[in-house]
Each structure stands twice: as C-alpha cells, then as structure tokens.
Amino acid sequence: RNFSGIRRTRPSYSCENCRLRRVKCDQVHPKCGNCTRNGTVCSYPSAPLKRKSPSEDPVCQQGKTSRRKVDEPTHFRHGHLSLQNGGRSRYTENTFWACVDVEGLELDSLLSDLPLFPLESVCCAADDSSRNNPHSMSCRHFVGTTEPNFSFWVSRRPNIVEGDSRSLAGTLVQLPPRATCDQLYTIFLAGVHPLIPLIYLPAFDKQYQRFWSWYEHWNRKDIPEGVLLENPSFLPLLLAVLFAGSIAASNMEPGRTPSPSQTHNRELQAKLYNLASDALTLVGFPHNPAIYSLIAFLFIQSMLILEEESLSSVSFVAVAFRICQAMGIHKDGTNFGLHPIQVEERRRVWCHLMHLDVMTSMISGLPLIASSEAFCTTQMIGELRDEWIGKEREASAENTHLYPGYILAAGRYDATSVIRNILLRQFAPTPMKSTDVNQLKGTIERLSQRSEERAKRLAALNYPEAWAQDPTSHGVHSPPLPATLSDVEAFDGWSRDLLVMMVEKAYCVLYQPLMQELNLWQELRTEAIPHFQANIRIFLRLCSTKSYKPFQWLYPGAYQPLQPAAVLLVDLAKEPNSPQAAESRILLEQVFSLLGPEGRVGAGVMKQRHFSDGAKNAWERLEKLRRKVWKKLGLDSSVLWSRTIARGQEQDIPGSS
C-alpha cells in the first residue's frame, strides 16, 4: 500500500504485435520470430526510451545483462522448460523433435502428457479376459530388486513348488513347450541377434541344449542341476531371448517362418516378459548382477523402446549404466587378463549401452548419461564370427571369418559415437558457430567413408557361410540357421540401408537445433533439408521392403521418423515455394499414408504388437500440424495422393499416375 501511488514507465523493446498479444518477443530485427511464424507484419516502436549508460548505473547494467540472456534470439539454446501445476516441471533440450515448432506442436501440452515412469504397456499385457483373473499378472516394467530372492535355492519347500511364481519351480513350470521355445530361439537368431549382438552364441547354444536335457527329465521337486547350478543367470537370459523372439515373431509371415500362432503371440509375449522379470528377481539382479543377468535386462528393456514414449520406455538405461560401471565393464577386459571371449562379451554389452545412451538422448531430448567417452577404455566390438574369437589368424584373412551382424553393430556404434560429439557440442551453453558446424560436418563425412567401407565388406560376404556357426567349433551344437535363405540375404540390403540412414541421422541431429538460430539456419538450410529428406526416404524403404520384415521390429517398430517429419513440416510452412518443397511434400504424404490404426508409421506390419497412447499422441500432433500446413499451401489435407498413386501403380490402372 505504501508504494501503490508509484508509477514507473518501463521501455518496451518488443514489436507491436507481440505487445498486443502479450507474448514474449525475441526482438529480432527487422522481423521477430513470432511474426515470421504467423506471417504478420512486424513493426517496432519508432523511439523507445533510452536506457542509462552502463557506466552511469551498474545496477541497470546488471539488469540489462540478465535481460539480454533471456531475450536474445539464441535463448532457445538453453532448452525448453515447461512449468506445470503443483510445482511440477518438465525440461527438454532443443534436440527434442517437437522443439522445431514449440507452438504448432503444443510442446508444453505434449510434455505434460508424457509419463516420467513406465506405464502398463499393452505389448506386454495379456488379453482383456485376463484382467478379471485374480491370478493373472499385470505388466510390470522391471526396474530391479534390492535383494536376491533366496527361494531360488530352496525349491523343495512345498509352499513354493508350484504356487509361487517368484520361486524357481513356479517359474520353470510356466515355460512354453520345447517346440515353441525352439521356434522363438530360431527367430531370435534370425531377426534379433544380428541387430543386438550381445551374447556369445556357441556357449549359449551349448547351455541351451544342456538345459533342455535336464528340464525334460526334471520332476519339479529336485533342486537345479547342470546349467542352473553352474550359472543361475542363464534362466533370465533364456527367458529374455525367448521374449525377444516373440517380439520379432510378430513380423514373420505364417508358413514362411516357424513361429507361434499369431493369435496367441500377444499372450505369449506377456507371459515371457513376466517370467523373465521374475527370473531376474530370483537371481538377485541388480543387487548381485552377472553378465548374463545384465544382458537379459538389456534385451527385455531394449525390445520395449518406443520413440514416442520419450522417457518412460528408456529410463532403464541409467540403471544399466551404473551396473556396468559397478561391474567394471567400462574398462577393457584385456587390462585384467580376461579370456578373449569374456573380453568380447563385455565389449558388446558396453558398446550397446553407449549406443542406447545416444539413441535415448535423441528421442527424449535429455542430456547424455555419459558426457564423454574419456572415462572408459573398453574398445569397439570385433567383427569376427564367434568361433574365431581368440584364435590366431592372418590379418589378411578372407571375409568368411566375419559375421554380418557384428559389422552392422560396429557401424551403428561408430555412428552413435559421432552423434555423441554432436550432442555434447549442442548441449554446451555457448551458441553454435559456422566453424563448429563445419568441423562436425567433417566428422560425419569421415563416418560416411567408414560406413561405405563396411557396406563393401557386407556386400563381399558369402552370407550363408558367414551367418552359420562352425558346428565343430568348441565341440558344441551349431545354433540353428535363420528360417530361410531369403531372410539371410535380405539382411545385406537392410544393413547397408541402416548404415546410410545412421549417417543421415547424424546430419539431422546436427542441423535440427540450428533452425532456432535464424541467421545460421538461412545460411545452412539448402544443404540441411536434403539430409532430412534422405533420412525419411531410407526410413520409408525400411518400412515398405517386404523382405525386410524380420528386422522391422526395430525400424519402424521401436524408432519413428518424428524428427525429420517435424522439420520438413515446419520448413514447408516457412518456405512453401522453395526448390525442396515439392520433394518434402511427397515424402511427408508417404509417411502419413503409412500410419496404422495404432497411430504409428508401419504399424500395419506389426500386427501382434500394440502401442501406447503416447504413440498416438505424438503422431496426432504432427497430423494436426500437417493439416495446418496443407491449408496454408491451399491443399486438401484429407487426400494423400501418394497413397492413391501407389495403389494405382500396383493395380496397373491406366492414367492412375
């Protein structure tokens, strides 16, 4: 009340439109960002009040500095903070896909709808009829237990023989029949291991055969013997392998690939997921982690990643990261004189985790867990087939010693290492400069050269021979080959496309945040947009190529083209008459024509895998933005011509093109 009569006139540096709308103006001259985005005339006051000189008023100088940090055009480099009710807030870096158009994609609302912690996922839940069953188990995204469950070793107690699912007996009695497990194991080897090569196949296959030899004669009361006695963590790894196979089985064509009945596959996924999580609890993960239980944890969680669930489906990475450090996996096994096979296993786990760190940082818009690679000495995984690990061989040996999946994995890990450096530079508080962009482009160009070399090695392989394991190696059984030769040969094209797309993804990660730096973006736009177009073009090929189905659980199953689609939509709205506009519109029409009933690109081929509301939410926002852009371009947003053209060409209708 004492100061109620005081009135101070503060100078306004915002444009007239922003003042009337009472929105924040970035004060860019001659046209601010809001007016540029809305297509309105931008005008500033002709004679703003003069501020005091910094030398005259140091307090005013301090206020000026603070204001400049907030209002300067590059303030967006600090990320986006959404304040919500009840003291809640959500933050995302400007690398998040929806940051390309904060207002158009309603970023604040989107962040409030995205859960921080895992929700029940229908891809792991049983059918609706099981919800009324008091004995059925709901989906639980496993995080871990603090103590081992010692009932694993006391299975003779009658109260846990069959009734308690957390006991060894209660878990083992729920295993699917041997024939079903063999089918899932075959699918895992054909469609999952080539993309996530974590296990050493000869040793695991030997344990697999020994386990079934014991299990088929087990009387459900004896304590574990053989494999489970020697390595209890084999059980969760076995169940994780079967669960991963059930996810990949959703894409297999009946009759062409041995797989479980499609009508029961969803229930099988739920059952295996719960069993694998219980088995991890039985062996005390993460309280007493082992290499097998850690790999099982990574398999289970990696199969559930959804790019639209920006955080809840990837929160497991931080847990796995700390476990790896506690196990010393971030240090190369050669430093401790480990066996070459152990060294390679640990390298595979660490490289995959570092890869996940980068991929989940991109899709969540959050900083990396590992800010650099300087603290680790673990080397890149090898490309040799498993039976050649640790054996002496000439450096000029033929490509028959190489395994295609390891070549692809090394290429992906190499790409994410380059993307890591890009993200670290973008997360820095200082703005990006042209010299920084040119330096990072140089690293991507060198990555492209290495990817081309890997693609040549892949093309030179004799795939049936390179894929198979030597049955005489180590005196173990040979893991079954992929179901058909066509699946094996399709991996060649899939791998080379994926390597090229990872290079294009690096360019997209570099250029997307620069859209907020208007001057720099105008300088780089003509070279940036073709990379976003190339990313979508390759993604569409991964979605639509029929022979790629065994691998589509990863692309488009886990990852979606949210970032390039958002960038091209915003670019079309701002530059509708650019030379790149026609190509962008065609690619976007093709992307949106592939949206399935679940609201995801390529969901039509994932018949047995359901998705959460987060997937629909993200694509519905992009669809809403597309309708606005199409309306601005004077186009009918209800018609996607690319779909009708493709259908006409398939039916060979004259004049349809």
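**Close-up views of a helical protein model**

The protein has 22 helices and two strands, where helices (H or I, at least four residues) and strands (E, at least two) are DSSP runs numbered from the N terminus. This is a predicted model, in which local features need pLDDT of at least 70, side-chain atom pairs count only at pLDDT 80 or more, and totals for chains, interfaces and linings use all residues. Residues are numbered from 1 along each chain as its sequence is written, and side-chain values use heavy atoms, with hydrogens and water left out.

View 1. Of the 657 residues, 54% count as buried; buried means under 20% relative accessible area, exposed over 50%, and partly exposed in between (1.4 Å probe, protein chains only). Take contacts (heavy atoms within 4.5 Å) between residues at least 6 apart in sequence: 74% of these join residues at least 24 apart.

**View 2. Here is helix H11, residues 291–302.** With 11 of its 12 residues buried, H11 is largely enclosed by the rest of the structure. Tyr292, Phe297, Phe299 and Gln301 are among the buried ones. Their packing partners are helices H6 (178–192), H7 (201–215), H9 (234–249), H10 (265–282), H12 (316–326) and H13 (340–364). For a quick geometry check, the expected span is 1.5 Å times one less than the number of residues; H11 should span 16 Å, and its end C-alpha atoms are 16 Å apart, which agrees.

**View 3. Ala240 sits in helix H9.** At 0% relative accessibility, Ala240 counts as buried. Leaving aside residues up to four places away in sequence, Ala240 touches Ala276, Ala296, Phe299 and Ile300.

**View 4. Two cis peptide bonds come into view.** One joins Phe285 and Pro286, with omega about 5 degrees; Pro286 lies in the loop between H10 and H11. Another joins Tyr555 and Pro556, with omega about 10 degrees. Pro556 belongs to the loop between helix H18 (518–544) and helix H19 (562–574).

View 5. Gln27 is not a glycine, yet has a positive phi of about 65 degrees.
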